[in-house]
Amino acid sequence: MNFQITLPVLLLAITTAVNSTLTDITGKTGYIPGHDCLRSYDGMMESVDDLVQAFPSLVTKTKIGESWLKNNEGRHDGVHEIPDGGYDIFALNITASDSERLSSDKKGKMLLTSGVHAREYAPPELLMRFIELLVKGYGHDADVTTTLQHSEVHAILYVNPDGRFMAEKYPELYWRKNLHPYDCEGEVGYEEGAINGTYGVDINRNMDFMFANEGGSSEDPCKGSFHGPSPESEPESQALMNYARALFPEEQRKSDAENQLNEPLGEDISDMFIDIHSHGGYVYYPWGYEDLKSPDDDALQALGRKINFFNGYRLWAGGQPDFLYPASGDISDYMYGSLGVSALGFEIGSAFYQSCDEFERLVAPVNLPALLFAAKNVNKPFSTIKGPDIFDLRIKHVEGGDIRVTAHASDSKMVNKIAEDDRDFEEHTTGLQSITELRLFIDIHPDDIKEEDDNVVVSYTMKLGRVLDDYTETYDLVLDASTLTPGRHTFHLQAIDSELYKGPVSSIYVDITETEASDIVRRDVTELVDITEAAMSRGRLRGSQ
């Protein structure tokens, strides 16, 4: 029997399992009116609490701050109700608490945020589905399991819960900002074609990096991009930044960030930040405050291009043809420029109030694999992102009790897909190397190997099969199944290119019976492969742009 694994196939399969299985836990209640695929704030918090209760060894919930209205008087206009008393702001940590890497400082950190701009309905739903994918996949999917054993995935679903209340209750206002009524006395409302016509501070212009830089935000308190009276003036900004500063390593920070703009972070940094917004179909990364490339553009652009491989989104970044406008004091620039971590953002979908038809067909299916791919690079994001990627991993049971492992490895396929699709892009330098080795490790992740393990590690260099192009090759290895003990084994594969960059690890489960090599067991949803391949043939798993 021959069973082939491709990332989009696997992710749709596990997502389908998540959607069906978690219904028993969370129920289908608490959705935004007219959007029965997008949970409301209350419905989402119910789902979060149920998830924490059902999976205490994987998910923890922590209060990290409070919204503006929690401790301040709001503005009452006699027409619109506001959430007097405000909200607490929470973060989730999804990780394997029983993994060998029990110490937090031995795990890479990924922080994802959504709900910064209140009227963007879809981002919290996408982020929650990613959380559910990780939770449901743990122990069933080797890639997910390995990711949670080696990293922590932190998520803040609603950075701006006060604003979310307004956006859900009064959709006609298209509420964007928080509810700090700073010096904006105009009538509450939304001006068609304008960024926004209501009061409040834009949390994504309130960070202490290039704050109020010319052209990247507004001084007008009634405008949608109002940056606030001072950096991190808002409690929502403080909650996010205090959490990030406690999470990410202090030694990677820049002491005088705005005077160190041209100093690269280097390839040894750890950790990643992703901010999810809508809409337009963009991947953005530093710099955002001005149309300039960052000193780590090779790595950040490689990351953006590889995300494009999954969702087809255009690159909104300094030096790119789709740089739309500057955004100063924004979160991703701060995370990279000040805290010294890899940072990027998604602009998903085609509308603030995303239709469910498009969300289910064109948003979730392409962005969930992109997020999982990003998570696999968290430990050394500026190094592994430059390395080769693994595709078409196959396990085949052959006569005589042997197991045949085949896979493609490519330095170019993901990072240069955008150059094939768009004449504005050339091939990226990180994708122009040949593959020198594809190595298989059995039951030990290559990052976990210590010097004293050298004599006991079971690993194989896979045999080169054929060269598909200058940067893509097929590899093959036949194993005697009798050399493996009965039970489940984890195969980890990692490719290395001619500049010695090691790519992200791809993992797969193999079950061995008492008498022979069994078929591969992965996610227990193999019956969905035919359905998924049919969906792929209809183009449903490519980007909407």
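**Disulfides**

Trainee: How many disulfides turn up in a search of the whole structure?
Mentor: The search finds 2. Keep in mind that this is a predicted model.

Trainee: Which cysteine pairs with Cys 37?
Mentor: Cys 356 does, and the two sulfur atoms sit 2.2 Å apart.

Trainee: What parts of the chain does that pair tie together?
Mentor: Cys 37 is in strand β3 (residues 35-39) and Cys 356 is in helix α11 (residues 356-375), so the bond ties together parts 319 residues apart in sequence.

Trainee: Is the Cys 37 to Cys 356 disulfide left-handed or right-handed?
Mentor: Left-handed, because the torsion about its S-S bond is about -95 degrees.

Trainee: And is Cys 356 buried or exposed?
Mentor: Buried, at 15% relative accessibility. Cys 37 counts as buried too, at 4%.

Trainee: OK, moving on. What does Cys 184 bond to?
Mentor: Cys 184 is joined to Cys 222, with an S to S distance of 2.1 Å. Both cysteines are in the loop between α7 (161-169) and α8 (235-247), 38 residues apart.

Trainee: What about the handedness of the Cys 184 to Cys 222 bond?
Mentor: The S-S torsion there is about 115 degrees, so that disulfide is right-handed.

Trainee: How accessible is Cys 222?
Mentor: Cys 222 has 22% relative accessibility, so it counts as partly exposed, since buried means under 20%.

Trainee: Last one: what's the disulfide pattern along the chain?
Mentor: Counting bonded cysteines along the chain, the pattern is 1-4, 2-3.

Methods:
Residues numbered from 1 in each chain as written. Predicted model: local features only at pLDDT ≥ 70, side-chain atom pairs only at ≥ 80, totals over all residues. Heavy atoms only, no water. Disulfide = S-S within 2.5 Å. Helix = DSSP H or I, 4+ residues; strand = E, 2+ residues; numbered from the N terminus. Buried < 20%, exposed > 50% of the residue type's maximum accessible area, 1.4 Å probe, protein only.
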